[in-house]
Amino acid sequence: MTQVAHAVPVAGDGDSARLADPDYALSPVLAVRVAGLPVAGLDRMRCTRTWRLLDELAEISARLRREGADLSDPLHEVIGGVAAGPLRAGLVALRRAVFAGRRPGGRAASAEVLAALPTGLAARIGAWTALRRRAEELRAALPAVLAAESREKTAVLREAVSDPGFRHGLAQGSAVLAGRLEAWLAGPAERPPERQELLRLARYLARASVKTSPYATFTLSGLGRWEPDGPAVRTGGEPSWQVMAELDRAVLRPLWAVLTRHRRVRERARLRVNPSAADDGNRIWFLSPGHGEPLSSVPASAGVRQALDWVRERDDATLAAAPGIEPLAEAGLLEYLPPYDEQGPDPVGELASWLASDGPTPYAQAVARVAEALRVGDPAIGEVPTGARGGDEAAEGARTRARGVGEAHGGEEAAGEVSAALPGGVTGDGAEVAAVVREALREVLPPGPSLPDKNLLWHSAVMPGVAGRLNATAWRGVCDDLDAVRGLLGLFDPDLPVKIAATAFFLDRHGTGGRIPAVDLYREIHREAPGAGGALLRAMLRDPVAGLRALPDAEPPPGLTRLTELRRGFWERLGAGPQDTEPGTHSPDPGVPGVPGGSREHQSAHLNSRGADLSPQDADLGPQDADLSPQDADLSLQGAGPGAREPVDLTAVRLRALAREWPDFVRPPGSICAYLQAVPGPGGVRAVVNSISAGYGRGLSRLHRLVTLAGGDAPPADGLRAAQGDVMVAECRGLVGGGLNVRPATADLALDHPFTAPDAHLPSVAPADLTVGHDPACDRLVLFDRAGRPVRPVHLGMTAQYWLPPWLQFLVRVFGEPSTAMVPGWVFRTRSEPPAEGVVERWPRMDVGRLTVARAVWRLRAGAFPVPAKGESEAAYLPRLAGWLASHGVSRRFFARVVDLGSGLLAGLLSKDRKPMYVDVTDPLLLAGFVRTLRDPGALLVLEEALPDPSQAPRYGADARVTEYVVQLSAKPGRR
């Protein structure tokens with residue numbers, strides 16, 4: 001795709017104001033994600049000779065159509081002057097052939113007919129005929145050129161996928177395909193795998209070349225630095241990295257549950273009262289173990305209360321000391337505390353040491369083997385760096401850092417083990433360690449989902465050194481615009497409908513001055529207590545994305561109706577009505593070669609976050625004004641809907657004017673992490689938003705831990721925090737949802753959760769200590785701790801929010817901020833209904849100043865995309881495909897999503913279908929693989945422009961690599 005230049009807005013406040021202290025805080029820590037492979041290998045997969053022929057054929061065909069139409073009238077005049085007879089019939093046949101684009105033949109091409117034409121017209125017909133012959137020559141040459149290039153690309157693919165880092169990542173993603181690749185690389189090049197396997201290899205190659213979501217060695221991740229000067233984006237040479245392999249700690253909880261079935265373990269394990277236990281005077285309620293975390297209760301008898309008090313008063317309470325209380329433990333009101341820190345450096349080692357006191361039992365020996373396998377060669381105990389890359393000097397540097405950490409944990413002997421496990425290249429003992437661990441765990445865990453089929457060890461490619469440097473001054477404009485976008489996100493908080501419904505339910509039952517325990521409110525909601533919107537609220541809490549569709553027939557609270565009007569009205573002001581594109585309406589723009597559909601202004605809806613002040617008429621406008629008067633037209637954001645063309649200019653001042661009309665319950669998130677790609681340009685750096693998550697360290701803390709374990713120079717973890725003044729940010733430190741939640745503490749409080757190990761790093765707050773009240777200033781419910789401080793629950797682990805246990809989901813969705821602050825642009829602004837069959841919606845690019853918040857998108861049903869007809873050759877199909885792409889303004893490189901609508905659009909958005917597939921139609925393998933995904937003609941197909949183009953990627957030494965930066969921006973205390 002040809003680079004599309006952006007218009008650079010002029011700062012209305014002047015450079016001096018722009019360099020003043022902002023009203024937001026940037027974390028000094030930023031993350032850098034680099035594609036595992038350079039883009040050059042993927043570029044070599046393009047059939048450039050074939051598409052040069054296609055481009056020439058398309059140009060000639062267009063000229064033939066235009067000239068054929070232009071020749072119609074002068075030929076008609078000649079025909080009118082000739083009497084009926086063979087000559088007139090020949091002229092008529094000539095006119096019809098030229099107009100239809102057919103090669104004149106027979107009488108139409110006779111010398112008599114051509115001689116009857118005026119000299120100038122005859123020359124034009126001769127030129128048209130020569131052009132028609134050239135088109136036939138191109139069509140005839142196309143099959144052979146395509147076949148030759150396609151054969152060449154098999155060899156190119158073999159070379160590209162022979163990269164050691166790619167092969168390591170593929171082994172984690174698909175062991176079977178990795179085995180076929182190794183066999184191909186070890187055997188003759190002319191004996192490639194089956195066609196389906198080639199298509200899968202091409203797709204994995206694209207994933208490792210253009211996508212930056214961390215997975216094994218397909219992406220290299222490290223920490224970057226903000227600098228006061230220098231280029232806007234500065235990289236080093238070839239990236240230096242090493243692989244960290246760590247146990248998926250999701251196995252710890254089921255492992256401990258199985259171990260506590262043994263009498264000796266139960267009797268020795270420390271007991272604690274379930275932190276959710278709440279006594280209502282008659283019964284004691286608590287969140288019990290099991291699927292769905294059901295609310296259970298036992299009678300609040302004197303004996304039960306006495307037993308609970310006995311446990312609370314002792315740090316060493318065990319069943320051995322009070323065997324009569326075992327039924328309370330079996331019910332889940334008492335818990336067996338695991339003897340390890342889930343977030344600690346070596347939880348399995350701690351467990352093995354504790355079990356050793358039981359003697360040489362089979363389960364103790366199995367756990368000891370797991371701990372030993374993880375510890376051998378591990379610089380941080382529990383992590384296994386399986387290789388290093390980046391030259392001998394870099395590898396030796398990694399060994400030195402690892403040796404230092406190893407000495408800190410186990411002296412010279414441990415350091416020697418560490419050093420021996422760090423050979424150069426991506427080899428090492430990761431697979432052997434995984435095999436030992438799996439075999440030992442099978443002796444303890446029962447068959448089933450407790451032991452994952454693959455990826456028992458998570459592999460991450462980590463850059464221990466400084467992974468990149470950004471000039472803070474050069475990025476100031478981007479960060480200012482990002483803060484403006486943060487102010488917009490409150491309106492589109494995916495959990496805001498739940499917050500509104502919960503507030504209505506609470507006020508109906510307890511009034512604005514009510515204050516009740518949070519566990520009581522949870523119980524009232526789920527025990528179907530009466531109250532306004534109770535059924536709707538319960539349905540929303542069960543379905544993380546349904547919103548009002550969770551219970552279509554329910555009467556929504558007024559706040560939900562108002563929110564729906566606001567969201568719909570906002571996009572209507574953006575021109576986001578049902579405008580659908582028609583094919584053939586996009587004419588090439590000479591200023592943007594190769595990009596059908598016009599100039600940058602016709603490609604982008606530009607929202608400038610700096611500019612002139614509003615007029616008095618603008619200031620009075622509210623989002624409820626559906627019918628805009630002429631003087632309001634400059635605030636109507638026309639051009640951001642499907643099919644729109646004109647740019648949109650929305651200043652930050654105007655955004656604030658819209659926000660002033662929003663209800664108090666609309667509040668922007670306090671801290672966000674933006675996943676950005678830089679776009680260089682003559683007016684300074686710009687950025688494209690891939691997604692925005694919650695901040696407070698969420699997008700950075702896991703990587704900070706990995707860099708630290710790799711011996712890297714990580715800045716203090718305190719730089720990940722985002723203080724919110726009097727509001728206490730609270731996170732659950734238990735490994736609920738999986739091992740990707742291992743990270744340093746970056747909140748103020750730890751949300752204690754049943755059946756997780758207590759956290760040793762933050763002050764904890766138990767569910768029973770939390771109370772709920774209503775804050776009239778924001779018309780939302782507020783959570784308070786025992787000291788009366790407001791608490792903001794957030795999910796800071798890297799697993800998806802909807803995998804959290806129900807109680808934690810309740811806290812985050814009703815009182816906190818969502819882990820996904822802004823869904824990707826293709827979902828953010830588009831309608832929740834799929835387009836009708838045959839309709840192709842075009843949504844232009846949307847910018848806020850220097851920040852692209854949504855790429856250009858085309859939405860259609862899969863059946864509307866051209867695919868090869870039965871019996872149609874690829875050489876015949878490609879010109880048809882190229883014509884369709886040009887007619888709709890779709891570039892030849894894009895990201896595609898094919899969403900199954902069988903269970904509804906919202907369910908499809910939560911499936912794997914939401915993940916983008918990189919498609920380059922000039923790459924025959926990528927195109928064939930993409931076409932195979934279009935089997936269901938009724939599926940939703942979303943095409944999203946590849947912005948930035950891979951060719952714009954930063955250079956690392958001689959190679960360009962797609963790079964993403966993760967930047968945390970937070971409101972300063974006291975500012976919304």
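Predicted model: local features only at pLDDT ≥ 70, side-chain atom pairs only at ≥ 80, totals over all residues.
Q: What makes up the chain, in helices and strands?
A: The chain has 31 helices and 34 strands. Of its 976 residues, 56% count as buried. Among contacts between residues at least 6 apart in sequence, 74% join residues at least 24 apart.

Q: Why is α7 called roughly perpendicular to α9?
A: Take the angle first. The axes of α7 (residues 164-173) and α9 (residues 195-210) cross at roughly 115°. The range for roughly perpendicular is 65 to 115 degrees. Therefore α7 counts as roughly perpendicular to α9. The two axes come within 11 Å, and the crossing is right-handed.

Q: Which residues make the contact of α7 with α9?
A: On α7 they are F166, L170 and G173. On α9 they are L201, Y204, L205 and A208.

Q: How do the residues of the contact of α7 with α9 divide into nonpolar, polar and charged?
A: Six are nonpolar, one is polar and none is charged. Gly counts as polar and Tyr as nonpolar in this scheme.

Q: Why does S174 count as buried?
A: S174 has 9% relative accessibility. Buried means under 20%. The value is under that cut-off, so S174 counts as buried. S174 is found in the loop between α7 and α8 (175-186).

Q: What does the side chain of S174 reach?
A: The side chain of S174 reaches the backbone nitrogen of L177, at 3.2 Å. The cut-off for a polar contact is 3.5 Å between N or O atoms. The distance lies within that cut-off.

Q: Which residues does S174 touch, not counting those up to four places away in sequence?
A: With those neighbours left out, S174 touches R200 and Y204. Y204 is also one of the α9 residues in the contact with α7.

Q: Why are α10 and α14 called roughly parallel?
A: Helix α10 (residues 252-259) and helix α14 (residues 347-355) pack at an angle of about 10°. Roughly parallel needs an angle under 35 degrees. The pair is therefore roughly parallel. Their axes are 12 Å apart.

Q: What makes the contact of α10 with α14, and of which classes are its residues?
A: From α10 come L252, L255, W256 and L259. From α14 come P347, V348, L351, W354 and L355. By class, nine are nonpolar, with no polar and no charged residues.

Q: What sets E293 apart in its backbone, and is E293 buried or exposed?
A: E293 has a positive phi of about 50° although it is not a glycine. Most residues other than glycine have a negative phi. E293 lies in the loop between β8 (283-287) and β9 (295-299). Its relative accessibility is 10%. That is under the 20% cut-off, so E293 counts as buried.

Q: Why is D779 called partly exposed?
A: D779 has a relative accessible area of 32%. Buried stops under 20% and exposed starts over 50%. The value falls in between, so D779 is partly exposed. D779 also has a positive phi, near 50°, and is a residue other than glycine. D779 is placed in the loop between β21 (771-775) and β22 (780-784).

Q: Which peptide bond is cis, from L947 to P948, and what is its omega?
A: The bond from L947 to P948 is cis, with omega near -5°. Most peptide bonds are trans. P948 is found in the loop between β31 (940-945) and β32 (955-956).

How values were computed:
Residues numbered from 1 in each chain as written. Heavy atoms only, no water. Axes fitted to C-alpha atoms, helices over the stretch in contact; angles between N-to-C directions. Helix = DSSP H or I, 4+ residues; strand = E, 2+ residues; numbered from the N terminus. Parallel < 35°, antiparallel > 145°, perpendicular 65-115°, else oblique. Left-handed = near helix turned anticlockwise from the far one by under 90°. Contact = heavy atoms within 4.5 Å. Buried < 20%, exposed > 50% of the residue type's maximum accessible area, 1.4 Å probe, protein only. Polar contact = N/O pair within 3.5 Å; in protein donor to acceptor, adjacent residues only side chain to side chain.
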